[in-house]
Amino acid sequence: MLVRLLDTKSLGHAAAQAARPWLQSQDSKHVRLVEIVKRPGQTLGLYIREGNGLDRSDGVFISRIALESSVYNSGCLKVGDEILAVNFVDVTRMSLDDVVIIMSIPRRLVLVTREGAECPAGLQPGSHHKPPPVVVMKGQINSRFFYPSICSFLKALF
C-alpha cells in the first residue's frame, strides 16, 4: 500500500479544479490531499466515525489508526482528522455507511482532509507510541513467597 501527501502543483487540471473548493477555504492551511493506493480487498488500517467525539456530531473523522499499518507509518493521517472528500466527492453530509462504501471500492483514493483540532488534556490522538506489552505468566505461584508479600502490601494500604 502507498500512502503519501499530494502536492497541489502536481495535480492535473481536472483534479486541481475539483480540489479548488477545499484548497481555497478559510482554513486551507489545514487542508491536505492524501493519496492511498491499495490492492483490491486490502483494508486501509483506519477507522472512521460520525462526529469528532468532542464537540461535533456531524462530519466524518478518523477515530483510530491500526498500529504498524501503512497509514500509521506514513504519518499523513492522524486520529481526529476530518475527511472532507473522497476522490473529490464531498462526504461531509453523507452517512457513515456511504462513506465506508466509497472508500472500500476504488484501488486509488484521494482523501481531502482537515487537520484535527488539538485534543483536551489526557487524550493523545496523534500519539504514535506503542502500548506497553501485556505479560502473562503461567505456572503455579509459590504461596510461601507470594502470600506474605501480598499481606504486607494490603496492610500498607489499610
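This is a predicted model: local features need pLDDT of at least 70, side-chain atom pairs count only at pLDDT 80 or more; totals for chains, interfaces and linings use all residues.

Trainee: Great. How many helices and strands does the protein chain have?
Mentor: There are four helices and seven strands; these are DSSP runs, helices being H or I with at least four residues and strands E with at least two, numbered from the N terminus. The order from the N terminus is β-α-β-β-β-α-β-β-α-β-α.

Trainee: And what share of the residues is buried?
Mentor: Of the 158 residues in the protein chain, 27% are buried. Buried means under 20% relative accessible area, with a 1.4 Å probe and protein chains only.

Trainee: Let's pick a strand. Is strand 7 mostly covered or uncovered?
Mentor: Covered: strand 7, residues 108-114, has five of its seven residues buried.

Trainee: Which strands does strand 7 pair with?
Mentor: Strand 2 (residues 31-37) pairs with strand 7 in the antiparallel sense over seven bridges, and strand 5 (residues 82-86) also runs antiparallel to strand 7, joined by four bridges. Pairing here requires that DSSP finds at least two bridges between the strands.

Trainee: Tell me about Glu-82. Is Glu-82 buried or exposed?
Mentor: Glu-82, which is found in strand 5, is buried, with a relative accessible area of 3%.

Trainee: What does Glu-82 touch?
Mentor: Leaving out residues up to four places away in sequence, Glu-82 touches Arg-56, Gly-59, Val-60, Phe-61, Thr-92, Val-112, Thr-113 and Arg-114. Contact means heavy atoms within 4.5 Å. Val-112 is 30 residues from Glu-82 along the chain, with their C-alpha atoms 8.5 Å apart.

Trainee: Switching topic: which elements supply the lining of the second largest pocket?
Mentor: Strand 3 (46-50) and helix 3 (96-104) each supply at least two of the lining residues. A pocket is an open set of points on a 1 Å grid over the protein atoms alone, where a 1.4 Å probe fits, with protein on both sides within 12 Å along at least five of seven lines; lining residues have an atom within 4 Å of a point.

Trainee: Which residues line the second largest pocket?
Mentor: Among them are Lys-38, Tyr-47, Val-100 and Met-103.

Terms used: Residues are numbered from 1 along each chain as its sequence is written. Side-chain values use heavy atoms; hydrogens and water are left out. Buried means under 20% relative accessible area, exposed over 50%, partly exposed in between (1.4 Å probe, protein chains only).
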